[in-house]
Amino acid sequence: MRSRGGHPQLCHIDSVRWSPVIAEPSALLAGLDPEQQQVATRFGAPVVVIAGAGTGKTRALTHRIAYGVATGTYTANAVLAVTFTTRAAGELRSRLRELGVPAVQARTFHSAALRQAQYFWPRAYGSQLPAVSDERMGMVAEAARRLRLSPDSSTLRDLLTEVSWAKVTNVTPSDYAELAEPLGREVSGLDAAQVGRVLGRYEQVKSDRGVIDFDDILLCTVAMLGEHADIAEEVRATYRHLVVDEYQDVNPVQQTLLDHWWGTGRDHCVVGDPAQTIHSFAGATPSYLTGFAGRFPDATVVRLVRDYRSTPQVVELANTVARNTRLGTVVLESQCEPGPAPRVLPCASEYDEATAVARWLVEQHEAGVPWREQAVLYRVHAQSPLFESALAQAGVPFTVRGGEGFYDRPEVRQVIGTLTERSRRDPGEGAVDACRDVLTRIGWTEQPPSGQGRVRERWESLAAVLALAEDVASAQVTAGGGTATLGGFVDELTARAQAEHPLSSDGVTLSTLHAAKGLEWSAVALVGVQEGTLPLSLAAGPGQVAEEARLFYVGITRPKRQLLICWSRSRRGGGGNRQPSRFLDGIAARPAPAPVRAGKRAKPTSALSATCRVCGKPLHTGAERKLRRHADCPPGYDEDTYAGLVAWRLALSKERSVPAYVIFTDATLMAIAEDRPTDTAGLLAIPGVGRVKCEQYAEAVLAILAAR
């Protein structure tokens with residue numbers, strides 16, 4: 001079907017099968033709070049909604065549209081609801097359908113713009129809109145080759161990021177170097193002038209191929225509407241009512257497109273939260289949201305403050321962070337039942353942090369929280385391998401959101417493959433030296449690259465492989481096993497990769513903070529909240545630090561009830577000097593440096609620390625804490641008992657086709673052999689056992705102990 005302007009409308013198949021039943025206007029308002037009712041009923045002038053996390057903004061938006069249609073203020077097929085992701089657009093369509101208004105268009109910016117450009121382009125320019133190419137990476141590579149540059153795949157991805165940023169912020173290739181450098185935009189290995197030249201060649205490559213790219217969709221539509229007033233008026237006549245979700249993430253090109261779409265109309269509504277702008281590196285800016293009332297003095301400003309997601313305790317923390325970091329958002333008011341206070345847990349090392357988080361997740365599960373209702377959130381993907389390993393060892397199912405699991409990443413697979421081939425030639429070679437040599441040969445350096453993006457992520461992933469080799473070697477020396485060999489390390493990598501494949505769709509979510517936006521869970525562990533990680537050490541200047549603060553705010557507003565915030569003093573333990581994130585100021589006390597006093601035993605440096613039961617000195621690793629002694633202090637277990645436990649574990653691991661450490665680690669078996677528990681309560685008291693494993697293995701373990 002066509003509108004009066006000749007613009008084809010989306011025809012829902014299901015709308016042919018049944019006639020939608022629109023609820024009575026009063027019924028559409030019945031379930032809304034007073035502020036949501038304001039959003040739903042204010043028409044005739046622009047409306048800007050500052051919607052805090054968990055305040056039901058999507059509910060308010062969809063009920064505004066349905067109420068407008070039910071009262072005759074809106075015509076259903078004259079409404080355009082715009083958002084940023086296909087997932088969000090799908091959710092809007094689903095809710096509108098439930099409210100009886102399936103004819104309303106709910107689309108992403110790019111989808112709506114492409115639809116208009118494809119329809120009107122022949123009339124405007126006498127030809128079809130060029131095809132949209134999905135080979136952007138290949139075109140960037142060709143542009144670099146024309147300049148005799150040979151960037152690797154990670155650098156190409158970062159160049160593609162700069163292509164998009166330049167387009168959405170209206171920066172031409174010739175102006176790139178002058179404008180990008182003051183903003184701290186860098187591509188590792190290339191200077192700003194070279195990047196600008198690549199951008200220029202990229203445009204030539206597209207022209208030679210007769211195609212446009214994803215970002216050009218918006219630029220072409222903006223140009224068409226700006227150059228052809230009659231087409232712009234026809235579009236505005238078709239979509240007379242605009243609703244824009246996540247307005248804090250609008251970039252300059254998208255705002256220009258919106259200006260064309262709503263023209264002099266007075267009935268548009270925008271919704272967003274300035275505290276959740278976390279894509280400014282890609283050109284997003286909250287200034288359009290915060291400055292909306294200044295641009296439209298007659299606009300109605302509505303603030304959604306009633307939080308229906310989180311407990312008063314979580315909301316109080318969120319408000320404290322927003323106030324301390326000056327995020328400029330609303331002060332939330334929880335509408336939920338009280339819950340436990342959020343915990344801030346300092347840990348001696350990243351290993352201890354991962355172990356503590358795995359234990360906490362198991363505790364939540366045993367208390368009735370499903371795995372799928374739990375999440376571990378971190379700043380960058382390179383933080384995930386320790387948590388993937390800790391969850392696998394604890395038998396906790398998980399999925400990785402927003403990226404591959406650590407062992408599925410291309411650079412990690414490349415290193416494992418190279419190390420495997422090398423171990424076949426010389427399995428006795430030292431693991432650490434071999435790993436360092438392989439990494440150096442593929443371009444890894446001790447110093448991280450400048451800038452952010454995919455190059456930095458790749459460096460972090462490769463650094464994590466080397467760290468794992470060093471940890472395995474250190475553990476083997478501590479246990480008296482000599483130097484770790486390459487063959488043994490490859491076996492360890494293979495076993496971990498097999499065990500850490502996502503185990504179940506009903507699993508704990510591992511996610512970056514960016515990928516977690518818009519989602520919620522009952523229990524959330526927010527990890528790595530120390531200086532240098534959150535905020536990232538690369539965050540330069542107040543603007544980038546403010547972006548990091550907004551990421552932290554997004555993280556602490558994801559849980560419904562349980563929140564654990566962790567940070568670690570060092571990567572491995574010992575004399576770490578990390579400090580908790582500045583974002584924890586006013587939430588957790590910043591620790592003073594521990595004085596060194598000769599002849600006095602150091603105090604534990606975290607909630608997981610303990611002292612050796614043999615020599616009384618501090619314990620630093622998870623394995624030592626399980627044993628409650630240093631690995632080189634005299635053991636207190638019977639060798640025959642330990643051997644019996646190891647043999648049982650080996651037989652069970654073969655039967656179940658899983659690595660032995662997934663059942664129990666060596667340190668846990670040693671602790672069991674030393675403590676010799678006689679009942680399940682005693683077995684549960686040993687770190688590394690847990691209720692789930694106790695239920696599975698208690699009978700067999702206790703029988704072995706009783707027989708010796």
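Author: Buried means under 20% relative accessible area, exposed over 50%, and partly exposed in between, with a 1.4 Å probe and protein chains only. This is a predicted model, in which local features need pLDDT of at least 70 and side-chain atom pairs count only at pLDDT 80 or more, while totals for chains, interfaces and linings use all residues. Residues are numbered from 1 along each chain as its sequence is written, and side-chain values use heavy atoms, with hydrogens and water left out.

Reader: Let us change topic. What is the strand order in the open sheet?

Author: The open sheet has six strands in the order β3-β2-β6-β7-β1-β8, with parallel pairing. β3 (105–108) and β8 (300–304) stand at the edges with a single partner strand each, so one side of each has no neighbour in the sheet. From one strand to the next, the twist averages 15 degrees.

Reader: What rules define strands and pairing?

Author: Strands (E, at least two residues) and helices (H or I, at least four) are DSSP runs, numbered from the N terminus. Two strands pair if DSSP finds at least two bridges between them.

Reader: How many bridges join β2 to β6?

Author: Four bridges join β2 (residues 79–83) to β6 (residues 241–244), and the two run parallel. Ala 81, for instance, has Val 243 in β6 as its bridge partner.

Reader: Which helices lie across these strands?

Author: Helix α3 (residues 34–41) lies across β1 (47–51) and β8, at about 145 degrees to β8. Helix α6 (residues 109–125) lies across β2, β3 and β6, at about 105 degrees to β3. Axes are lines fitted to C-alpha atoms, for helices over the stretch in contact, and angles run from 0 to 180 degrees between N-to-C directions.

Reader: What does Val 302 touch?

Author: Val 302 lies in β8 and is buried, with a relative accessible area of 1%. Leaving aside neighbours within four places in sequence, its contacts (heavy atoms within 4.5 Å) include Glu 35, Gln 38, Val 39 and Val 47.

Reader: Finally, how many aromatic pairs are there?

Author: There are 13. Rings of Phe, Tyr and Trp (its six-membered ring) pair if their centres lie within 6.5 Å; planes under 30 degrees apart count as stacked, over 60 as edge-to-face and the rest as tilted. Among the pairs, Tyr 247 and Phe 292 are edge-to-face, at 6.1 Å centre to centre and 90 degrees between the planes. Tyr 247 lies in the loop between β6 and α13 (252–262) and Phe 292 in helix α15 (residues 292–295), so this pair ties together parts 45 residues apart in sequence.
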